[in-house]
Amino acid sequence: MSIAWDETLTVGDAAIDADHRCMMNLIAAIEAAATGPVDCAAIGRTLAELTRLTAEHFAREEALQRSIGFPDIDAHRLSHDMLLKRLDAVLAHYLDGGDDVRKGIIRTLGDSLATWLVTHIATNDMEYKPYMAAVR
Ligand SMILES: [Fe+2]
């Protein structure tokens, strides 16, 4: 898929929506490298930035969920933890690997992350949106 922000993905919190847009832009850069020219060092930096931003974003989102009394926070956090573990493992594998390993990762990673993030926002994140509206 070609990842792109659209207004149906807004959760209604400016910081969270801005995070989601930044994450999508980083994933789009990884997706573009799957079919275009590959700069392995640049994609490594993009992947490291995505991993850092994702960890910060999930902490921000979980704090928001606590503040609005979202009841399914534990299941939601599990979904976040699983992605973070995967990103950490992929980043380590990427940094340790040679160009063949890196190109192999680039071929499939962007598409898979795009599907995960859009599905997560459109289904899981939308579950806390009504709780936010209720307290604001
Ligand atoms: Fe989330």
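Predicted model: local features only at pLDDT ≥ 70, side-chain atom pairs only at ≥ 80, totals over all residues.

Biologist: How do the axes of α1 and α4 cross?

Modeller: Helix α1 (residues 14-35) and helix α4 (residues 99-124) have axes that come within 7 Å and cross at roughly 150 degrees. That makes α1 roughly antiparallel to α4, the label for angles over 145 degrees. Axes here are lines fitted to C-alpha atoms, for helices over the stretch in contact, with angles from 0 to 180 degrees between N-to-C directions. Helices are DSSP runs (H or I, at least four residues) numbered from the N terminus.

Biologist: Which residues of α1 and α4 make the contact?

Modeller: From α1 they include His20, Met23, Ile27 and Ile30, and from α4 they include Ile106, Leu109, Leu113 and Leu117. Two residues are in contact if their C-beta atoms, placed from the backbone, lie within 7 Å. The residues of this contact divide into twelve nonpolar, two polar and three charged. In that scheme Ala, Val, Leu, Ile, Met, Phe, Trp, Tyr, Cys and Pro are nonpolar, Asp, Glu, Lys and Arg are charged, and the others, Gly among them, are polar.

Biologist: And what about α1 with α2?

Modeller: The axes of α1 and helix α2 (residues 40-67) come within 10 Å and cross at roughly 155 degrees. α1 and α2 are therefore roughly antiparallel to each other. Among the residues that meet are Cys22, Leu26 and Ala29 in α1 and Leu47, Leu50 and Leu53 in α2. By class, this contact has 14 nonpolar, three polar and four charged residues.

Biologist: At what angle do α2 and α3 cross?

Modeller: Their axes cross at roughly 165 degrees and come within 10 Å. That makes α2 roughly antiparallel to α3. Residues including Leu47, Thr51 and Phe58 in α2 meet residues including Leu84, Leu87 and Tyr94 in α3. The α2 and α3 contact has twelve nonpolar, six polar and four charged residues.

Biologist: Changing topic: how many residues has the largest nonpolar core?

Modeller: It has 16 residues, and those with the most contacts inside it are Met23, Ile27, Ile30, Ile106, Leu113 and Leu117. α1, α2 and α4 each supply at least two residues of this core, and its largest share, seven residues, comes from α4. A nonpolar core is a set of buried Ala, Val, Leu, Ile, Met, Phe, Trp, Tyr and Cys residues joined through C-beta atoms within 7 Å.

Biologist: What does Ile106 contact?

Modeller: Leaving aside neighbours within four places in sequence, Ile106 is in contact with Ile30, Ala33, Ala34, Val38 and Ile43.

Biologist: Is Asp81 buried or exposed?

Modeller: Asp81 lies in helix α3 (residues 73-96) and is exposed, with 11 C-beta neighbours inside 10 Å. A residue is buried if 20 or more other C-beta atoms lie within 10 Å of its own, exposed if 12 or fewer, and partly exposed in between. Asp81 and Ala29 are 52 residues apart in sequence and 23 Å apart in space, C-alpha to C-alpha.

Biologist: Where is Ala134?

Modeller: Ala134 is in helix α5 (residues 129-135), and Ala134 is exposed, with 9 other C-beta atoms within 10 Å. The C-alpha atoms of Ala134 and Ile68 are separated by 8.4 Å, although the two are 66 residues apart along the chain.

Conventions. Residues numbered from 1 in each chain as written. Parallel < 35°, antiparallel > 145°, perpendicular 65-115°, else oblique.
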